[in-house]
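This briefing covers a strand pairing, a sheet and the nonpolar cores. Please look over the sequence and the structure before reading the points.

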Amino acid sequence: MNNQTSGRPIEILLVDDNPGDVRLTTEALKDSNVQKRLHTAKDGIEAIAFLRRKGEYADAPRPDLILLDLNMPRMDGAQVLEEIKKDPALQHIPVVMLTGSQEIEDIIKTYDLHANCYVIKPMDLEQFIMMMKSITNFWLNTLKLPMEEK
Amino acid sequence: MDQQTAKSKIMAGEIKQSKELFRILFQRSPIGAYIIQNGHFRLVNRQLAYILGYEESELIGRPSLGFVLAEDRDAVRENAIRMLKGGCSLGYEFRIVTKQAKVKWVMETVAPIYYQRKRATLGNVVDVTERKQVEERLNQTTLEIQRSNAELEQFAYVISHDLQEPLRMVSSYTQLLAKRYSNKLDADADEFITYAVDGAKRMQMLLHDLLEYSRVGTQGKPFSLVNCADIVEQAIANLKIAIEESGASVTHDVLPTVIGDEGQLVRLFQNLIGNAIKFRRDEPPQVHISAQRRNYVVTFAVKDNGIGIDPQHSQSVFEIFRRLHTREEYPGTGMGLAICKKIVERHGGHISVQSKPGQGSTFYFSINMAGGGSA
């Protein structure tokens, strides 16, 4: 039971305003053995435009997984999450909250908004790479998720 | 002269004497004194006139409440009535306005008397303005200190929290450099990268501990009943690896139940037991925890057989980032005991250490269960 059997790469949308984090995630995902395409949005507004295929994102694929940073300008991760989870066309997409915050209030808030998973970005590079591997393996290989036609 | 006349003469003399005594006492008293009838001054002494800034003669016949600051008049009237009924015997404080329009704080006591065969009130007044001002300043200072402490705590919290993000970048990318380019550049580059990686790692630990320190005050949990034997067992379980590796024996007496923040008390015991194991001599560490209760205060003792602490450092070991050894000898940030002190203080207690180098240390800390803590 593997999404890879469908023969298409996994589409991942990474929403993060920090280019350093985007690059780091890219580097970490290189190490994972899943065939994938990483798309990035630098804030919540862009992420929603991508998901709703607005403007320049008219041909954007529907992501299989969203990695969503909590602290962003304009529209933060919690707001994006809320938007996704109340949209019938998007609410099935697994959302992993990625953040540097260890605040228990932040964690509870995102679970209240139906985040599928909350991950604190580790300080240590090896742990960061391990974390990215576990996320992609768990959400994309182990689970059979309700996939819609593209 | 018959006996009757002689007797009344003696009595008249005694009355005269006691009138004179009263007059002297009244007039020369360093306490403001007066007699009021129907709300008006009938008799005032020099000190009262001095407090009010008038001549004595200017006060006679004037309504006494007229000198009380308008806002305080109702309270003064009520207090005087209560006191005259014998309901309370303590003085009460209020503000008066002097002839020079200066406001002063006074404390007054009153008693019901007869004066010239009519009901009257005898009052005594002391000028307490200076004391009030000192109190006021003290209150101000206390508020100021509380505010600035809260601000500092918030400051430390925000700093340690917000610095984590950029530090994660430094730390991740120096590690990525090390991973990709070690042995690919030259020896200098390898050395530089090593120091950068190490520096970032140490800063991480410092920030982590500083954040924990600031959280003692800002993120504490409400107090509840806590069984200290359970707490110590939890701390021991958290230190399992260190205890096994060092062959330490950690024992404790029967321990009481206290009122406190469970998570913080586990951290407190964990830091103290952890230190006892870390700063050990060549022999296996022995740690013993005991407790003594007196009224609402429980004093715990955590005794070890470790390297001990020079008494000259017995205060400074509790300061933040205080280390008595090099990082090569004993790793750590120097925050452990500062966190302990903060936790103990939040529980209304004190922490101290008694030790001689080479003879082990005993850390004492108290927990006050009579509402010493703050959330």
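In β10 of chain B, B:Val297 is the bridge partner of B:Arg294. The model is a predicted one.

- Strands β9(B) and β10(B) pair in the antiparallel sense, over eight bridges.
- These two strands belong to an open sheet of five strands with mixed pairing, in the order β7-β9-β10-β12-β11.
- At the edges are β7 (249–252) and β11 of chain B, each of which pairs on one side only.
- From one strand to the next, the twist averages 20 degrees.

**The largest nonpolar core**
- The largest nonpolar core has 42 residues.
- B:Phe269, B:Leu272, B:Ile273, B:Val302 and B:Cys340 have the most contacts inside this core.
- Elements of chain B that give two or more residues to the core include the helices α7 (187–218), α8 (228–238) and α11 (336–346), and the strands β9 (286–294), β10 (297–304) and β12 (361–368).
- The element that gives the most is α10(B), with eight residues.
- Apart from its neighbours within four places in sequence, B:Phe269 is in contact with B:Ile231, B:Val232 and B:Ala235.

**A second core**
- A separate core of 35 residues includes A:Leu13, A:Ala41, A:Ala78 and A:Met97.
- In soluble globular proteins, nonpolar side chains tend to be buried together.

Methods:
Residues are numbered from 1 along each chain as its sequence is written. Chains are lettered from A and ligands numbered from 1 in the order in which they are written. This is a predicted model: local features need pLDDT of at least 70, side-chain atom pairs count only at pLDDT 80 or more; totals for chains, interfaces and linings use all residues. A nonpolar core is a set of buried Ala, Val, Leu, Ile, Met, Phe, Trp, Tyr and Cys residues joined through C-beta atoms within 7 Å. A residue is buried if 20 or more other C-beta atoms lie within 10 Å of its own, exposed if 12 or fewer, and partly exposed in between; C-beta atoms are placed from the backbone. Helices (H or I, at least four residues) and strands (E, at least two) are DSSP runs, numbered from the N terminus. Two residues are in contact if their C-beta atoms, placed from the backbone, lie within 7 Å. Two strands pair if DSSP finds at least two bridges between them. Axes are lines fitted to C-alpha atoms, for helices over the stretch in contact, and angles run from 0 to 180 degrees between N-to-C directions.
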